[in-house]
Structure formats: C-alpha cells, structure tokens
Amino acid sequence: MTTQSNPPAWQPGVTGGGTLPSGPGGRTAAPSGDGHGPQVGQPTVTIGAYPDYPSAQRVVDHLADNRFPVERSAIVGTDLTLVETVLGRMTTARAGLIGAGTGAWFGLFIGLLFGIFTIGNWIAVILAGLVIGAIWGAVFGAVAHAMTGGKRDFTSASSLRANQYAVIVDADVAEQARQLLGRLHLGGRAPQTAG
C-alpha cells in the first residue's frame, strides 16, 4: 500500500511545490527587484503647469519652433472632471427622428453601392436605399427608446475637463526646455522644488 503525501501550501516568494497550479506561461514566480515591475520609460520632469490647454499647447509649440525634441515631451491633464452636458429632452418621436437620420445615411451608402452595379435607373436604387434606411432607422430608434422605460429621457454629451495642464519632458533635456521657456511668458506656474 502506498501513501500519498500532500504538497506544501503555496507561499508568496517561495518557488517550487505548492498547491498553486501553473498558468499558461509555466509556474508563476515572485516579481524581481522592488516588486513594482520594470520601469516604464525615462524619468520625467514637469517644466510648467497651466490653467488651460491652449497655454500648454503654446509652450510645446514654442519648444518645437526652437528645435527642441518635442517627441520627448507630453501634455498631461490633471484633476480630471467628467462633465455631461444635457442637450435636451428625449421623446420616442425624437428618438425615431434621430434614428431616421442615421438610417437614411446608412441607406444612402447601401443605395450608392447597389447603384454602382445597376444597369438602368440607378437614381431610383439610391432613393430606395435612402427611404428604406430612414424607415428602418426610425423604427429601431423609437423601439430602442421605448424599451428604456423612461429611465433616460434626455440627450447629453460627455467630455473630460482638466483643472490644469502640466508640460513634462524627459529629465535629461529638462534644463534645455527651461532655458527655451525663459523667453516665453504665459502666466503658468513653474513647478515647486523642494529645497
């Protein structure tokens, strides 16, 4: 009679054995180094923070005009806020009208494709595609809105807005960027340095 021994329980950082099954890439191992994985890209330095995007864009444009390697810079929006602007009330009739417009464009596209290969009255084929697309779009738009049960009776547009925009560059070219920006005055704040 043979006895079966249980493998030791899995423990983090201990390789070999354990009850944790291996994955598709083989047996898992603890991350090396500090546990945060490989460093992504070069270290960066913030050379300025601006209240709006056009100011940050002017900074990068100024750097580009002065032959700075702008591919080593980035504009980073911070303190992001999602703003959903309500555009109006949505009714089943309005949903049908919007659906009709979308369907008409799709029907026009299909009509043009069939019209290219039609011998004879190709204008009738295009108009038929447009009308059929508008009808089906209206039906689908109205039905889709009616199925929501009045839970979202408005239309809106969403956008992300940042509280400020920071211009960052790779650390090894930060001094060159600061010198070039010394001649440009936009009202931005220079980053605070601990000292």
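Visitor: How many aromatic pairs are found in the whole structure?

Guide: A search of the whole structure turns up two aromatic pairs. This is a predicted model. One of the pairs is Y53 with Y165, arranged edge-to-face, at 5.7 Å centre to centre and with 75° between the planes.

Visitor: Which parts do Y53 and Y165 tie together?

Guide: Y53 lies in helix 1 (residues 53-65) and Y165 in strand 3 (residues 154-170), so the pair connects parts 112 residues apart in sequence.

Visitor: And Y165, buried or exposed?

Guide: Y165 is buried, at a relative accessible area of 17%. Y53 is partly exposed, at 40%.

Visitor: Stay with helix 1. What span does helix 1 reach from its first C-alpha to its last?

Guide: Helix 1 reaches 18 Å over its 13 residues, close to the 18 Å expected at 1.5 Å a residue.

Visitor: Which residues of helix 1 are buried?

Guide: The buried ones are S55, A56, V59, V60, H62 and L63. They cover an arc of only 155° around the axis, so they sit on the same side of helix 1.

Visitor: What do those buried residues pack against?

Guide: They pack against strand 1 (44-50), strand 2 (73-89), strand 3 and helix 4 (174-181).

Visitor: What comes just after helix 1?

Guide: R67 does, and R67 takes a positive phi of about 60°.

Visitor: On to the largest nonpolar core. Which residues touch the most other members?

Guide: I47, L63, F68, V167 and V169 do, in a core of 16 residues. Strand 1, helix 1, strand 3 and helix 4 each contribute at least two residues to this core.

Visitor: Take V167. What is V167 in contact with, leaving aside neighbours within four places in sequence?

Guide: V167 contacts V45, T46, I47, G48, Y50, A56, V59, V60 and A74. Of these, A56, V59 and V60 are among the buried residues of helix 1.

Visitor: New topic: how many salt bridges does the count come to?

Guide: Four salt bridges. Among them, the side chains of D170 and R72 meet at 2.9 Å, N to O. D170 lies in strand 3 and R72 in the loop between helix 1 and strand 2, so this pair joins parts 98 residues apart in sequence.

Visitor: What else does R72 meet in a salt bridge?

Guide: R72 also meets D172, at 2.5 Å, N to O. D172 is in the loop between strand 3 and helix 4, 100 residues from R72.

Visitor: Which salt bridge does R178 make?

Guide: The side chain of R178 meets that of E175 at 4.0 Å, N to O. R178 and E175 are three residues apart in helix 4, which means about one helical turn separates them. R178 is partly exposed at 35% relative accessible area, and E175 is also partly exposed, at 47%.

Visitor: Last one. Where is H145 found?

Guide: H145 is in helix 3 (residues 122-147). H145 is buried, with a relative accessible area of 11%.

Visitor: And what does H145 touch?

Guide: Not counting residues up to four places away in sequence, H145 touches M90, T91, T92, A95, R152 and D153.

Definitions and conventions:
Residues are numbered from 1 along each chain as its sequence is written. This is a predicted model: local features need pLDDT of at least 70, side-chain atom pairs count only at pLDDT 80 or more; totals for chains, interfaces and linings use all residues. Side-chain values use heavy atoms; hydrogens and water are left out. Rings of Phe, Tyr and Trp (its six-membered ring) pair if their centres lie within 6.5 Å; planes under 30 degrees apart count as stacked, over 60 as edge-to-face and the rest as tilted. Helices (H or I, at least four residues) and strands (E, at least two) are DSSP runs, numbered from the N terminus. Buried means under 20% relative accessible area, exposed over 50%, partly exposed in between (1.4 Å probe, protein chains only). The expected span of a helix is 1.5 Å times one less than its number of residues. The arc is that of the directions from the helix axis to the C-beta atoms. Contact means heavy atoms within 4.5 Å. A nonpolar core is a set of buried Ala, Val, Leu, Ile, Met, Phe, Trp, Tyr and Cys residues joined through side-chain atoms within 4.5 Å.
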